[in-house]
Amino acid sequence: MRHAGQCFCILLEKQVLSRLSHLSDSVSYIGLKRDHSARVSIPGKDELGNLSHEINRMLAALEQSELELQKARNELEIRVQERTAALTESESRFRALTESTSSAIFIYQQNKFLYVNPATQKITGYSEFELQGMNIWDLTHPDHRETIKQRIQIQQKPRGVFREEVKLITKQGEIRWVDFTAASIELAGQPVMLGTAFDITDRKKAEDRLLYDAFHDALTGLPNRNLFMELVGRAFERAKRYTDKTCAVIFMDLDNFKQINDSLGHTIGDKLLIEASKRLTSKQFRAADTVARLGGDEFVILIEDLQNPSQVIHVSKRIQQEIGKPFNLDGHEIFITTAIGIATFENSYNHPEEMLRDADTAMYRAKSNGKGQFMLFDSSMHADVAIRLKLESDLRHAIENQEFKVLFQPIISSETRKIIGAESLIRWSHPTRGMVSPVEFIPVAEETGLIVPIGEWVLQSVCQQVKSWHDTGNSKIWVSVNFSARQFRDKNLVMLIKQTLAKSSLSPIHLVGEITESVAMQDLDYTIKVMNILREIGLRFAIDDFGTGYSSLSYLNKFPISTVKIDRSFVKKLPNDLNSTAIISAIMTIAHKLNLKIVAEGVETEEQLAFLQSQQCDEIQGFLFYKPLPAEDLVKLLQKQA
Ligand code: C2E
Ligand code: MG
Ligand code: MG
């Protein structure tokens, strides 16, 4: 406007001057003042008078336009002032914003920080001055340095934007995670990068924790099943690709862990698992091996880069040695053995789970061979597994198909040699296999939970049977019923016994519950509580297979029991085995002091009987007298006896 105004004036002056010179050569001087208030007076001729008039008119117009120009200038000035004020305000707002935010905000150009807000300094630990001498990758963690370099190069194109979660290294050497966004803009014709970075370290830590928890066992910190299977999967792929090296999975379980846990408490049990895991991860084993905990006392170990599958046997032996050393936990010295199953990679495997399954199968086989054993999986075990699965499925139908039967093995008084009671023992008449031993199917029923309905059926059959003997005038013998761990822990057990007794109208004094020593010890308080409730209604309890568990004789006085049954394994070695005779004598002495009756199980010879009688054993059960008999055979014996 200003330029335009001046040009306009100059134009007018030129027009005026050219017209003046054109009108008369005699004009020698024209006074034309620049302050526009002056008037030009040209003496003489008419034309000059006219011209003077015209010039005056033009000058008046000029004056007018000058005034307007001034007004416009003033307005412009006001507007500029207003704009400047607005700009200043906007800038201070922007400053307040960038300075108060917790996000780092910075302007970056040609690998240098042009501007950094206080949060940038706070997050990075570097001062503004220090940052001005640095570039972004000086701050970036090596894990992300290349990515950031590449992305910055790419985004230098106008309007390029990228967002990335990256790790920074602060001046203090700490690692901080930031959510980094960079946008490219043009400033004064130059490309610059506007960057923001939000500190997400806490969120990342929480995410890492969640991720860690999802793949690790909380108690031992070892990888869990998920992570283990992932790693087995990778080893599996490598083994498929490179035939010169193979891998193996070791499945390990601590023998008798449950008893230790139940008798010494869960705190000691947990400590034992932690210590065992430390031994398994100690330098003893190669770094490439992965040890994981599947749960409970089950550990698995992945062995990779095996040149020879037999190497894994060596590792297994070392594991057993290491875990076999005593554990000292809160003043308790604990000795523990391990059962180990091994599966080495086979090309026939389609899925890593198959390796774990086979190692597990081999471990079960090792366990059945006794404590501290290991077993290498071989395909014949598949057949065993198939048989086991078939047994399980057949067992499910056995009740409805009425394939079970209860036999009664008489128990005689060693004094009178008369039948005073009997133990009920289940039999399974399998449609194709014939008679299946309870030793085979009770553990399967126990594992699958089928023992609960089976046990219910046994209890009902026994109560009805005994009641009918009593009703038909036979001697009022008592009968014992075996309860397995799962049955005894079943919440409905007390109710079931009460209802069954009521239904059959059998007096509880004619029923004896048998639970093994290890079942009784599993949860001492619970066992005592249940026994006491049932004793109140008149039921008695016997501890079965006594001497096979690990409990000491001192536990005998803790249980509200009436009878102790000495296990057949001791009776079998009578009368010459010193160990067995010593154990039986000790049990007799203590039990008699506690007013408990003693039954010797599995008496087969006169010599065994003679020894037991010499020790005042109260009752005898064994093939020497009777095998387990069908109800109708027992009733005949009772009639004869009467
Ligand atoms: P148990 O309760 O210790 O039963 C005694 C076992 O010893 C019976 O084996 C019996 O037949 C056997 N036996 C008795 N005297 C002799 C002998 O002189 N020589 C030999 N060689 N054996 C003798 P069975 O009937 O095979 O039962 C084995 C185990 O199965 C039982 O051991 C018990 O733990 C379990 N069982 C049997 N019936 C039931 C049941 O109805 N419920 C539950 N939960 N378990 C049962
Ligand atoms: Mg028994
Ligand atoms: Mg027994």
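The structure is a predicted model, in which local features need pLDDT of at least 70 and side-chain atom pairs count only at pLDDT 80 or more, while totals for chains, interfaces and linings use all residues. Residues are numbered from 1 along each chain as its sequence is written, and side-chain values use heavy atoms, with hydrogens and water left out.

**Magnesium ion (ligand 2)**
- Its protein donors (N, O and S atoms within 2.8 Å of the metal, or 3.2 Å for Na, K and Ca; water is not among the atoms, so sites may look incomplete) are Glu423 (OE), Asn482 (OD1), Glu514 (OE) and Asp544 (OD), at 2.0 to 2.2 Å.
- Along the chain, these donors follow the spacing E-x58-N-x31-E-x29-D.
- Glu514 belongs to strand β17 (residues 511-516) and Asp544 to strand β18, so this pair ties together parts that are 30 residues apart in sequence; strands (E, at least two residues) and helices (H or I, at least four) are DSSP runs numbered from the N terminus.

**Magnesium ion (ligand 3)**
- Asp544 lies in strand β18 (residues 540-546) and Glu601 in the loop between β20 (597-600) and α22 (606-614), so the two tie together parts 57 residues apart in sequence.

- The magnesium ions (ligand 2 and ligand 3) are 3.9 Å apart, and Asp544 coordinates both.
- Asp544 counts as buried at 5% relative accessibility, where buried means under 20% relative accessible area, exposed over 50% and partly exposed in between (1.4 Å probe, protein chains only).
- Glu514 is buried at 2%, and Glu601 is buried at 10%.

Definitions and conventions. Chains are lettered from A and ligands numbered from 1 in the order in which they are written.
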